[in-house]
Amino acid sequence: MALGYLQDGEEPSSTDAGTHFDWWPAKGTMVWVQYTFEKPSKVSQTQVFWFDDTGRGECKVPVSWRLLYQDGDQWKPVETQAKYTVEKGAYNQVAFQAVTTTAVRLELTMQPNWSAGIHKWHVE
């Protein structure tokens, strides 16, 4: 599945379902989404704008999330001093020690009895 719209430049709105990716009907579990780069890339920050349709649907911001990078055949968490935030209606940004990698994964844990989704995800 192509997820290019997660980085298409269109700004999300917390009040609009708009273009998004979600894991519904899965609920209350750990899931992930991955970017694979065409060539090894140096990255040092990420931003995610959560999809939350509380009151209309069954997606809420997650309980928690983290970013992992591919190192050979292993997935390792990035090294950051910042806390991973789960704010609704805003970009949640984390800077980390730069890594050169061929892929990154955004791993999240959904709230019990709720699914989760993403409007936008940027990796720089």
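Author: The model is a predicted one. We may begin with a polar side chain.

Reader: With which side chain does the side chain of D52 make a polar contact?

Author: D52 is placed in the loop between β2 and β3 (64-71). The separation to its side-chain partner is 2.5 Å, and that partner is T54.

Reader: Which backbone nitrogen lies 3.1 Å from a polar atom of the side chain of D52?

Author: Besides its contact with the side chain of T54, the D52 side chain has a backbone nitrogen at 3.1 Å from one of its polar atoms. That nitrogen belongs to V61.

Reader: Is D52 buried or exposed?

Author: The cut-off for a buried residue is under 20% relative accessible area. D52 has a value of 7%, so it is classed as buried.

Reader: Which residue of β6 stands opposite F21?

Author: β1 and β6 pair in the antiparallel sense over two bridges. Opposite F21 stands I118.

Reader: Which elements give two or more residues to the largest nonpolar core?

Author: This core has 24 residues, and those touching the most other members are W23, W50, V104, L106, L108, I118 and W121. W50 is in contact with residues beyond four places in sequence, including L106, L108 and I118. The elements that give two or more residues to the core are β2, β3, β5 and β6.

Reader: Which residues does a cis peptide bond join?

Author: P25 is found in the loop between β1 (21-22) and β2 (30-51). The bond in question has an omega of about 20° and joins W24 and P25.

Reader: What is the phi of N113, and is this residue buried or exposed?

Author: N113 lies in the loop between β5 (91-109) and β6 (117-123). Its phi is positive, about 65°, although N113 is not a glycine. With a relative accessible area of 64%, N113 is exposed.

Reader: Over which residues is the pLDDT below 50?

Author: The mean pLDDT of the protein chain is 89, and 85% of its residues reach 70 or more. The stretch with pLDDT below 50 has 15 contacts in the model beyond near neighbours in sequence, and it covers residues 1-6.

Conventions. Residues are numbered from 1 along each chain as its sequence is written. This is a predicted model: local features need pLDDT of at least 70, side-chain atom pairs count only at pLDDT 80 or more; totals for chains, interfaces and linings use all residues. Side-chain values use heavy atoms; hydrogens and water are left out. Helices (H or I, at least four residues) and strands (E, at least two) are DSSP runs, numbered from the N terminus. Buried means under 20% relative accessible area, exposed over 50%, partly exposed in between (1.4 Å probe, protein chains only). Two strands pair if DSSP finds at least two bridges between them. pLDDT is the predictor's confidence in each residue, from 0 to 100. Contact means heavy atoms within 4.5 Å. A polar contact is a pair of N or O atoms within 3.5 Å; within protein, one must be able to donate a hydrogen and the other to accept it, and residues adjacent in sequence count only if both atoms are side-chain atoms. A nonpolar core is a set of buried Ala, Val, Leu, Ile, Met, Phe, Trp, Tyr and Cys residues joined through side-chain atoms within 4.5 Å.
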